[in-house]
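Visitor: Could you walk me through this model, please?

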Amino acid sequence: SQYGARNLAELNIYQDLLFSAEPREQNWTNLYTQIRFTPASWLRFELINLLNPETLTNRETRAALTIIDGDKWALSMRTNYLKNTINQYEVNVAYKINERWNLENRTRFDVRKGELSEEVFSIKHRLTHSWQLEFQAAFYIGSTREDEFALNLRANFLQF
């Protein structure tokens, strides 16, 4: 935020519209609401909600509370709820060693299973102004899609 300006609050509301719906099908689906509050430079709250407008039932909710210490570290606590499918809590920790190196950890707890479902450790190295390499060790507990352990190498293009 240059010159001390920043957004204190953001609200986005949008609706899916199906252009190719059958004659008797509903054209309007999924009402999305996104809210972000940043009351202080070190605190951020985000909420994303997906509502079925026909039945007024909540289909998905994601929320995050992030505490930031300048550009040195950040701690995020998140929830992720998808009706009848996902109910998880997550903690993310990021630590900046210097301008080129960062460490991150993500721990996810699955409420339905009553156990940890994911633990990911990352080392990120900024190569240039636009590119970053990420080395990742991931542990997945009870996953049917991934193996229990994975090593990942990613090249990320950084957005400005």
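Predicted model: local features only at pLDDT ≥ 70, side-chain atom pairs only at ≥ 80, totals over all residues.

Visitor: How many bridges join E5 to E6?

Guide: There are 10, and E5 runs antiparallel to E6 (residues 86-96); two strands count as paired if DSSP finds at least two bridges between them. Three residues separate E5 and E6 in their hairpin, and Asn84 in the turn has a positive phi of about 60°.

Visitor: And which residue takes a positive phi in the hairpin of E4 and E5?

Guide: That is Gly70, with a phi near 55°, in a hairpin that also has three residues between the strands. Strands E4 (residues 57-69) and E5 (residues 73-82) are antiparallel and joined by 10 bridges, with Ala63 having Thr79 in E5 as its bridge partner.

Visitor: What is the order of the strands in the sheet?

Guide: The sheet is open, its 10 strands follow the order E1-E2-E3-E4-E5-E6-E7-E8-E9-E10, and the pairing is antiparallel. Strand E1 (9-17) and E10 are at the edges with a single partner strand each, so one side of each lacks a neighbour in the sheet.

Visitor: Switching topic, is Leu153 buried or exposed?

Guide: Leu153, in strand E10 (residues 149-157), counts as exposed because its relative accessibility is 59%, the classes being buried under 20%, exposed over 50% and partly exposed in between (1.4 Å probe, protein chains only).

How values were computed: Residues numbered from 1 in each chain as written. Heavy atoms only, no water. Helix = DSSP H or I, 4+ residues; strand = E, 2+ residues; numbered from the N terminus.
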